[in-house]
Every structure is written in structure tokens, then in C-alpha cells.
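User: I'm new to this one and would like to go through it step by step. Could you take my questions as they come?
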Amino acid sequence: MGEGPAEIDTVLFDFGGVVIRTPFELVDTDWRGPFDPEGDPLWAASMAGEITEREYWHRRSASLHPDVEDPTSAFMRDLYDTDESVVVRPELPRLLDELQGGGLRTAVLTNDLAAFHSGAWIERMTIIDRFDPLIDLSHVGFLKPSPEAFAHGLKVLDADPAQVVFLDDQPRNVEGARACGITAVWFDPTDVEGSLDALRATLR
């Protein structure tokens, strides 16, 4: 007899916006991204695929740090170089306890961890120790939502698409994962509990 269908054994998280809060939740500006999409046309352009997420943050960061070589890193440092409890979503440690207690592996597939944050910052973030593996696409030559990004993630995980549920706050990344056969759930930062309930429902 042949093997039955693969069972989900891995929850794969995006990092920025899902594990840690979005910059919009940490800074008071006129541009609010998903919290006011109609009032942020540059965000709408990024959601439509007209610019990348990296380009969005470069342009927004440059408006606050016009005279530095790497405005995105300066902006992220200003926001995130603080106590871990401020930047990590408080729901995440509890969720990880729940998932890992149920025998699920928790991993990360992120576009920009090393691109946006320093090595020292990454090293001191204890939440990262809750994920194995952490797959950072910062310097590999492709990013979500490309098929290459998800193929790379599956290869590192040594998993079939049917074994993985993916959680990301960017709808394009969710669509990209689904196109690769991965079950994917959109994480809406304006509705954290609703998003986590949708993940739980998918796992059930």
C-alpha cells in the first residue's frame, strides 16, 4: 500500500509584522500602512506589487533619515533597539507554547531580518530561539513571494508543501505560498486574535 497524504507538522512564520510588531505600531507618523491603507498611497502601491516592501521602507525611512547612507537600517534601529517585550507580539510566546506543546515544529521564513536589523540585535532576541530553522532570505538573491523563495524554504525544512502551514502579513506572500502548494494564512496586524484563530482553524 502507498503512503497516505502528508500531515501538517510545521508552522512557518514570517518574522517582521507577525512575530514582531510592524513599524506602524511603534511609531506615530502620517503613513499608517494597513492601519489606514486609503491614507497611505505608497502602501497601496506596495500591496499592488508596483514597488517592493523593501522599496516602501526605504522611501519611508529616507523621509525621516534623509542624510544617512542606509536610512532603513537607521529607522529600524530607532524603533526596534529597545526591550524585546516592546517589539515582540505578546500573543506569540503563548502561541508557540501551544503549537510546540501539540508536537508541531515552528520555523521562520523571512525576507529581511539581516537586511533590516544588526547582528547584535538578532543575537539578543531570545524569541528567535523558539524557531528551528530560521530561514532568512536577506542575501540569497530571491525574496517572497517568488517560487524560488518557497522552494528554498521547503528544501531547508526538508518538507513537502502539504506538511507546512505558512503565516504572513503580506497578502502577496500568502498567494505566493499557495501557488507553491503550501497552505497559507494571512496574518492581519489589525486583527491579531482573528488571524491566530484562523491559523488554529486551519491546523484543526
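User: Is Trp31 buried or exposed?
Analyst: Trp31 counts as buried, at 9% relative accessibility, where buried means under 20% relative accessible area, exposed over 50% and partly exposed in between, with a 1.4 Å probe and protein chains only. This is a predicted model, in which local features need pLDDT of at least 70 and side-chain atom pairs count only at pLDDT 80 or more, while totals for chains, interfaces and linings use all residues. Residues are numbered from 1 along each chain as its sequence is written, and side-chain values use heavy atoms, with hydrogens and water left out.

User: OK, and how many aromatic pairs are there in the whole structure?
Analyst: A search of the whole structure gives 12 aromatic pairs; rings of Phe, Tyr and Trp (its six-membered ring) pair if their centres lie within 6.5 Å, and planes under 30 degrees apart count as stacked, over 60 as edge-to-face and the rest as tilted.

User: Which pair does Phe24 form with Trp43?
Analyst: Phe24 and Trp43 also form an edge-to-face pair, with 5.3 Å from centre to centre and 85° between the planes, and both Phe24 and Trp43 are buried.

User: Which residues do ring pairs link into a cluster?
Analyst: The cluster consists of Phe24, Trp31, Trp43, Tyr56, Trp57 and Phe75.
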